[in-house]
Amino acid sequence: MSDGLQVAEVVVRYPGAAAPAVAGVDLSVPTGEVVALLGPSGCGKSSLLRAVAGLEPLCGGDVAWDGVSVVDVPVHRRGFGLLFQDGQLFAHRDVAGNVAYGLPTAARRDRAAREARVAELLDLVGLPGTQRRAVGTLSGGERQRVALARALAPRPRLLLLDEPLSALDRALRERLALDLRAVLTATATTALFVTHDQDEAFAVADRVAVMAAGRLLQVAEPAELWGRPASREVARFLGYEAFVLVPDPGAAAPPAVRALVAAVAAAATARVPAGGVLALAAGAFVVVPDAGPGTAAAGVTGTVHALRSRRGRTEVVVDVDGVGRVSALAPAGWTCAPGTRVALHADAAAVAGLPG
Amino acid sequence: MPVTAAAPTVDPTDPHPGPRPGAGPTGDGAPRRRGPRTGWGVRAAWGAAAVLPLVFLAVFFVWPVAEIVGRGFVADGRLDLTGFGDVLTRPRTWRVVGQTLAQAGLGTLGAVLLGVPGAYLLYRCRFPGRGALRAFVTIPFVLPTVVVGVAFRSLLVDGGLLGGLGLDGSFVAIVLALVFFNYAVVVRTVGGLWERLDPRAEQAARALGASPWRVLRTVTLPALGPAIASAASLVFLFCATAFGTVLVLGGRRYGTVETEIWIQTTQFLDLRAAAVLSVVQLVVVVAALALAGRARARTEAAPALGGGAADARPVRLRDPLDAVAVVVTTLTVAGLLALPLVHLVVRSLRTPRGWGLDNYAALTVPQDTLAVSALQAAGTSVRTAVDATVLALVVGGLVALVVSRRPRRTAARRAVAGLDALFMLPLGVSAVTVGFGFLVSMDSPLGLPVDLRTSPVLVAVAQAVVAVPLVVRTVLPVLRAVDPRQREVAATLGAAPGRVLRTVDLAVALRAVGLALGFAFAASLGEFGATSFLARPQDPTLPVVIFRLLGRPGAENYGAALAASVLLAALTAGIVAVCERLRRPGAGGAW
């Protein structure tokens with residue numbers, strides 16, 4: 001398995017820092033695959049990316065392409081493209097000048113070939129006809145599109161993307177994430193994509209590597225990662241907000257816990273190991289509206305702490321006995337006063353099983 | 001579930017089998033770092049870029065200065081420090097040191113007090129003619145020191161417009177001339193930061209109920225603090241080493257350490273005293289430079305810069321802050337800056353036979369005992385300044401390029417900082433010492449059998465030594481402002497180090513080169529301290545001719561000196577104006 005990028009036991013340490021920024025990471029990105037490196041800020045994901053690009057020296061480990069180490073290869077000969085968070089376009093060149101910058105010398109000197117390639121790339125990123133524009137006149141999203149076209153121009157064997165969408169507002173970010181995925185697929189580009197946003201990682205990547213404190217915690221496809229987080233740490237970072245110990249069969253347990261276990265067993269979506277842990281995402285409980293006292297069959301209730309609106313739907317922060325504080329979903333327009341006790345039912349789709 | 005790391009850690013095709021160097025605990029201090037090594041050619045190129053300016057500085061600055069200073073301390077081949085005790089116990093020495101500090105202190109205070117309102121008006125407000133006023137305010141800074149001296153003296157002597165005030169040859173006249181000269185330094189340095197200061201901090205303070213004055217005192221001025229400190233220490237430096245202006249205005253009663261070195265060297269032939277004074281000046285200069293460096297470092301790290309020229313708002317005279325700024329700046333520009341210049345021009349048109357161009361006609365023929373006409377001297381000045389500017393641009397550009405790097409290794413970072421400080425020294429070390437040092441050291445430079453003292457190149461070299469710090473200070477901030485990730489992104493796009501340098505650093509630095517060119521040219525054209533020693537009698541430069549004409553009796557000579565001053569001023573201002581045109585908006589140096 002020596003196809004594409006192999007990162008082995010890589011250690012990156014900054015002078016004066018107590019702990020290494022990257023503390024021994026193994027990761028591979030086979031040709032044609034897009035891998036997201038997901039983690040909170042300061043977890044070392046950008047340092048790892050810079051080390052792969054050759055911008056940070058390694059304190060240990062190896063970076064190889066197709067089985068051949070590239071550690072001693074200078075940045076400009078690695079054939080690894082890099083896209084920064086803020087694009088880093090050259091302000092003193094126009095759009096075409098930026099895109100053409102990385103073309104091979106022959107293609108750069110041949111005017112017709114250069115213009116054809118620039119036009120092709122600008123079409124690809126959805127900005128046809130912008131060749132002569134000054135980069136200062138572009139919007140944030142347009143800048144990142146130009147930066148993407150520029151990074152793709154030399155046909156890098158690997159494209160490194162360092163939070164390329166983080167500086168944009170949410171609606172634009174979500175749209176560009178889809179466009180980015182489409183462009184990477186269309187050009188069959190192998191890519192390593194750093195982000196702190198799990199939705200973005202899931203939208204763009206074939207596989208997601210979760211990183212914390214300089215180490216990889218789990219590498220998996222998005223669906224598997226969401227359904228089977230390897231640890232509480234991974235689950236918490238993905239957005240799971242509460243954890244419940246699975247009781248031994250027959251042992252006494254709060255009604256809410258019994259309802260969760262029953263729902264998960266019925267849906268058979270997640271494993272329920274005895275002595276294991278269930279991780280609850282927002283929506284693991286759903287408010288049963290207009291339930292009179294005693295009508296909630298399993299008797300699962302919670303005290304409403306606060307209400308908030310998320311994209312039109314009502315989300316209720318409830319304190320559930322035996323579970324803790326979780327976000328439950330409620331029908332659109334539903335409302336009540338904080339302190340009210342409400343009936344709830346469990347939804348297995350927002351529950352994942354963890355090994356104990 | 002184990003962490004599903006996909007790559008096997010041992011690969012049969014791994015070209016580096018076995019334990020990897022640096023992997024795991026090494027136990028003996030810092031871990032070894034591995035990465036692409038900088039190529040041999042690239043290292044050699046950077047080495048040359050650092051060594052070439054160092055050699056230039058060593059041969060044409062350190063050596064001549066050491067030669068002069070050494071003469072003060074070595075007697076009969078032995079170290080002799082009695083000169084210190086001797087010179088430092090003379091009351092004359094302490095009078096001169098006291099005068100230097102007092103002049104520089106008051107000059108700095110005046111420039112800051114007048115310059116800060118000027119910076120506000122010219123960089124934070126909008127009004128018709130602002131561009132022209134900004135350009136006009138810069139003129140005094142680039143004017144040759146001798147011209148400034150002549151302009152003030154013509155205004156204050158008996159028969160001048162303000163002759164009745166009795167300020168001729170007074171302490172006040174010197175301080176006024178120093179403020180005139182350095183006003184632009186404060187306006188440009190402080191204004192440059194003020195223009196980019198995020199106005200929302202002030203708006204937040206206003207919204208919290210602070211009066212405009214309180215906002216100024218508690219928000220704006222503290223934010224501008226580093227720029228004001230940086231400008232003040234530079235102005236102090238320029239004032240403390242002022243030579244031409246003080247020599248022309250001070251007469252026999254007032255001087256600086258710099259003029260005293262000149263007097264001790266040329267009139268009393270007391271080299272020992274001159275050497276001791278050079279050391280005294282060096283101490284003052286290094287202290288001022290250290291302060292300037294610290295203040296500048298903080299300016300470059302200053303946060304909360306936002307907005308741009310678009311944030312400038314129209315002047316509102318009903319706003320008390322604006323009213324004060326308008327009144328102070330109008331008085332300064334009209335009374336302090338424009339009056340001496342206009343008066344100089346008007347006075348140069350007055351001849352013993354009434355108004356006319358006789359003084360200018362006199363520029364075409366050699367005056368008195370001089371060998372050449374003022375016009376010929378102007379030609380010499382321009383030719384020399386062109387040579388000096390080319391030299392200064394090459395040397396200063398290389399220094400700026402090397403100093404703008406941020407190497408990874410601590411030792412290399414320190415070396416870069418040291419280089420930066422080293423090339424500021426010629427700003428403050430007495431140009432007189434440099435010039436005289438050239439005379440005693442360049443009879444056989446580096447042991448070579450060429451007597452550079454007879455070569456006109458020597459004047460250009462001396463002027464380049466003075467101009468190099470100006471070039472560095474103008475180009476360096478522009479290069480430092482380049483985001484290092486621009487170079488990184490260029491490298492990941494396949495650009496080799498040479499192409500990165502050309503397409504990123506040089507492309508950006510070119511914008512500041514026009515300004516650097518102008519400053520270097522102006523400094524060379526007006527250089528007087530070193531040139532007065534080195535210019536050969538048969539082809540003096542224009543400032544030297546002006547100074548000689550001033551020293552001779554007769555209304556014709558005085559008139560010719562005034563006309564020659566106007567010519568030199570016009571030449572300098574014109575060239576700087578052309579160079580400023582080359583500059584693209586938004587780019588520019590620390591001043």
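How many helices and strands does the secondary structure of chain B come to? Select chain B and colour by secondary structure: there are 23 helices and six strands, where helices (H or I, at least four residues) and strands (E, at least two) are DSSP runs numbered from the N terminus.

Before moving on, a word on what is loaded. This is a predicted model, with local features needing pLDDT of at least 70 and side-chain atom pairs counting only at pLDDT 80 or more, while totals for chains, interfaces and linings use all residues. Residues are numbered from 1 along each chain as its sequence is written, and chains are lettered from A and ligands numbered from 1 in the order in which they are written.

Stay on chain B. Of its 591 residues, 47% count as buried (20 or more other C-beta atoms within 10 Å of a residue's own, with C-beta atoms placed from the backbone). Among contacts in chain B with a separation of 6 or more, 81% join residues 24 or more positions apart; a contact here is a pair of such C-beta atoms within 7 Å.

Next, select Val186(B), Val190(B), Val475(B), Ala520(B), Ile546(B) and Ala564(B). They touch the most other members of the largest nonpolar core, a set of 169 residues (buried Ala, Val, Leu, Ile, Met, Phe, Trp, Tyr and Cys joined through C-beta atoms within 7 Å). Zoom in on Ala564(B): leaving aside neighbours within four places in sequence, its contacts are Leu363(B), Ala374(B), Leu542(B), Val545(B), Ile546(B) and Leu549(B). A second, separate core has 129 residues, including Leu159(A) and Val300(A).

That takes us to chain A. Colour 5-237 as domain 1 and 241-354 as domain 2; the bounds come from an automatic or database domain assignment. Taken over C-alpha atoms, the domain centres are 39 Å apart, and six residues from each domain make the contact.

Now pick out the open sheet of six strands in chain A, order 6-7-8-3-9-10, with mixed pairing (strands pair if DSSP finds at least two bridges between them). Strand 6 (80-83) and strand 10 (215-220) of chain A are at the edges with a single partner strand each, so one side of each has no neighbour in the sheet.

For a close-up, show strand 3 (residues 34-38) and strand 8 (residues 191-195) of chain A, which pair in the parallel sense over five bridges. Leu37(A) is opposite Val194(A) in strand 8 of chain A.

Note on methods. Two residues are in contact if their C-beta atoms, placed from the backbone, lie within 7 Å. A residue is buried if 20 or more other C-beta atoms lie within 10 Å of its own, exposed if 12 or fewer, and partly exposed in between; C-beta atoms are placed from the backbone.
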